[in-house]
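Hi,

Here is the structure I promised to pass on.

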Amino acid sequence: MPHNSPDRLSRRGLLTAGGVAAFGALLTACGGSGGSGPSAKEGDGGGSWSFTDDRKKKVTAKSKPKRIVAFTGTAAALVDFGLGKEIVGVFGETKDKDGKAVPQAGDLNVDKVTVLGNAWGEFSIEKYAVLRPELLVTHMFNEGALWYVPDESKDKILGLAPSAAIRTARVPMTEPIRRYAELAESLGADLKAKKVTDAKARFEAAAETLRKAAKASGGLKVMAASASPDLLYVSNPKSNSDLMYFAELGVDLVVPEKLDEGGYFEGLSWENAGKYKADLILLDNRDGQLQPKALADKPAWAELPAVKANQITPWDSVPRFSYAGAAPLLENLAKAIQDAKKVS
């Protein structure tokens, strides 16, 4: 997990006193009670629905949810598995400054969903209530924490509909992919559809290509990192699910020694940026993270062997947990390893 993990980011309150009052009025108008949302016993008649999420919480509804709100990357994964019109709202980075879909949106049609917030800490409860949500879905990086659901308003948000969380840390990437597939299937997706089976075949082929590339690399050392003006964050392949899977396939990843409290990374001052030797750098490519052009004026960056050799490749540090979303990541890393040479 990169350095702007839930435990690290500052949060801002979303509701002023007036906003709270307005929300209460709106909730009443929408028929909400602020309770725990609809529920039903598994096995009840009438098409009741249930799913046990990765909080080990049995999420239930009187019928299969048809109005789903999700973190944008989660929504995109569900679309990859065959859902579509069921996604009515999203939260998290969705559109860039030009109004175009960000990469993590995948094949999600961002113009046909309501965007409740386009950045960390943004989540419009009023818009959420108007959507009449039947299920909220998001990642879970830290135990019990719902990714991009603000702590300050979490209770109000979770009072409007059931929620499901899928673990996306400390397990290899194949696990959240499997779990999102199971959730999508429970919601009506056909996992035998050609779109899904073709994506799975591509993913499996890409994994084999990466395995072979890693084996043939002669011990090429890879470092996954995020860059800020003050620190270089070296990510931990024992916590980050994509890195964990890359390591399972034989990629030799740098393992930082002095981790943050959450266990996701080690922050290095630029004076110590050369602490770990690496032949190839996976550089966090999200908005807000410094990219090679912005790093050019940092002498410590320029002195890194991988930088001198121009062996830097973009890293989607919060991947789309679907076969369609993950396959290109494996393919791109395999090519980067094939094209790189040992320099450290």
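Contact here is heavy atoms within 4.5 Å, and helices (H or I, at least four residues) and strands (E, at least two) are DSSP runs, numbered from the N terminus. After H2 comes Gly-82, with a positive phi near 120 degrees.

Before you go further: this is a predicted model, with local features needing pLDDT of at least 70 and side-chain atom pairs counted only at pLDDT 80 or more, while totals for chains, interfaces and linings use all residues. Numbering runs from 1 along each chain as its sequence is written, and side-chain values use heavy atoms, leaving out hydrogens and water.

Back to H11 (residues 323-339), which gives the most to the lining of the largest pocket, with 4 residues. That pocket has a volume of about 650 Å³. Of its 25 lining residues, the closest to the centre are Pro-103, Gln-104, Asn-285, Arg-286 and Asp-287. (A pocket is an open set of points on a 1 Å grid over the protein atoms alone where a 1.4 Å probe fits, with protein on both sides within 12 Å along at least five of seven lines; lining residues have an atom within 4 Å of a point. The volume is the space filled by probe spheres set on the points, which are joined across faces, edges and corners.)

Tyr-323 sits in H11 and counts as buried because its relative accessible area is 16%. Leaving out residues up to four places away in sequence, Tyr-323 touches Phe-81, Ile-177, Ala-199, Lys-200 and Phe-203. Tyr-323 and Asp-198 are 125 residues apart in sequence, yet 9.0 Å apart C-alpha to C-alpha.

Which loop holds Asn-236? The one between strand E9 (231-235) and helix H7 (241-248). Asn-236 has 4% relative accessibility, so it counts as buried. A polar atom of the Asn-236 side chain lies 2.9 Å from the backbone oxygen of Gly-263.

Finally, Phe-246: beyond four places in sequence, its contacts are Met-173, Leu-210, Val-251, Leu-253, Leu-282, Leu-330 and Leu-333.

Cheers

Key
Buried means under 20% relative accessible area, exposed over 50%, partly exposed in between (1.4 Å probe, protein chains only). A polar contact is a pair of N or O atoms within 3.5 Å; within protein, one must be able to donate a hydrogen and the other to accept it, and residues adjacent in sequence count only if both atoms are side-chain atoms.
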